[in-house]
Amino acid sequence: MLLDTIYMIRNGLMGTSSELRFIFSLILIFACILEWKIAKSLDYFWVFIIGTIIWTFVELTLQISGIREMHQNSLFGIEIPFAISIIIQGAFEGATLTLIALII
């Protein structure tokens, strides 16, 4: 009963704007390329791909079930479709944060 009245409001950099998530994901893709060229290993790519798939599925499930409600997202001022928004969010929250922790 108490939990029905709790809301998390995302606003600002991590709210409806996908720019920061997109830029961080691009930086980590660049890190994956560097690791591939220098260490001859695709481990970071696999972490990025699998993390993106898993967290995109989680985000999709949360939003479809109504647990999380996200309004229309934009990328550099342009509204983006729901599917692209979910993939960018999944790539950032699932893969980028995991890879940052792995690199550290």
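Helices here are DSSP runs of H or I with at least four residues, strands are E runs of at least two, and both are numbered from the N terminus. By that rule, Ile 54 lies in helix 2.

First, the ground rules. This is a predicted model: local features need pLDDT of at least 70, side-chain atom pairs count only at pLDDT 80 or more, and totals for chains, interfaces and linings use all residues. Residues are numbered from 1 along each chain as its sequence is written, and side-chain values use heavy atoms, with hydrogens and water left out.

Now confidence. pLDDT is the predictor's confidence in each residue, from 0 to 100. The protein has a mean of 83, and 81% of its residues reach 70 or more. Among the elements, helix 2 has the highest mean pLDDT, 91. Strand 1 has the lowest, 78.

Next, the layout. We have 3 helices and 2 strands. From the N terminus, the order is α-α-β-β-α. Contact means heavy atoms within 4.5 Å. Take the contacts between residues at least 6 apart in sequence: 68% of them join residues at least 24 apart.

On to burial. I call a residue buried under 20% relative accessible area, exposed over 50%, and partly exposed in between, with a 1.4 Å probe and protein chains only. Of the 104 residues, 34% are buried.

Which residues form the largest nonpolar core? A nonpolar core is a set of buried Ala, Val, Leu, Ile, Met, Phe, Trp, Tyr and Cys residues joined through side-chain atoms within 4.5 Å. The largest one has 8 residues: Leu 28, Ala 31, Cys 32, Tyr 44, Phe 48, Ala 91, Ala 95 and Leu 99. Helix 1 (19-39), helix 2 (43-64) and helix 3 (82-103) each give two or more residues to this core. Look at Ala 91. Leaving aside residues up to four places away in sequence, Ala 91 touches Ser 25, Phe 48, Thr 52, Thr 56 and Thr 96.

Accessible areas come from the Shrake-Rupley method with a 1.4 Å probe; for residues, only the protein chains shown count as cover. The protein exposes about 7200 Å², and carbon and sulfur atoms supply 75% of that.

In soluble globular proteins, nonpolar side chains tend to be buried together. Here there is also a nonpolar patch on the surface, with about 920 Å² of accessible area together. Its members include Trp 36, Trp 46 and Ile 54. Helix 1 and helix 2 each give two or more residues to the patch. Helix 2 gives the most, 5 residues. As promised, back to Ile 54: it is partly exposed, at 48% relative accessible area.

Is Ile 80 buried or exposed? Ile 80 is buried, because its relative accessible area is 8%. It sits in the loop between strand 2 (78-79) and helix 3.

Last, two backbone points. Lys 40 has phi near 55°, a positive value in a residue other than glycine. Lys 40 lies in the loop between helix 1 and helix 2, and is exposed at 69%. Phe 76 also has a positive phi, near 55°. Phe 76 lies in the loop between strand 1 (74-75) and strand 2. Phe 76 is exposed, with a relative accessible area of 53%.

Note on methods. Patch = residues over 30% accessible without salt bridge, like charges linked within 9 Å, V, L, I, M, F, W, Y side chains within 5 Å. Salt bridge = Lys/Arg side-chain N within 4 Å of Asp/Glu carboxyl O.
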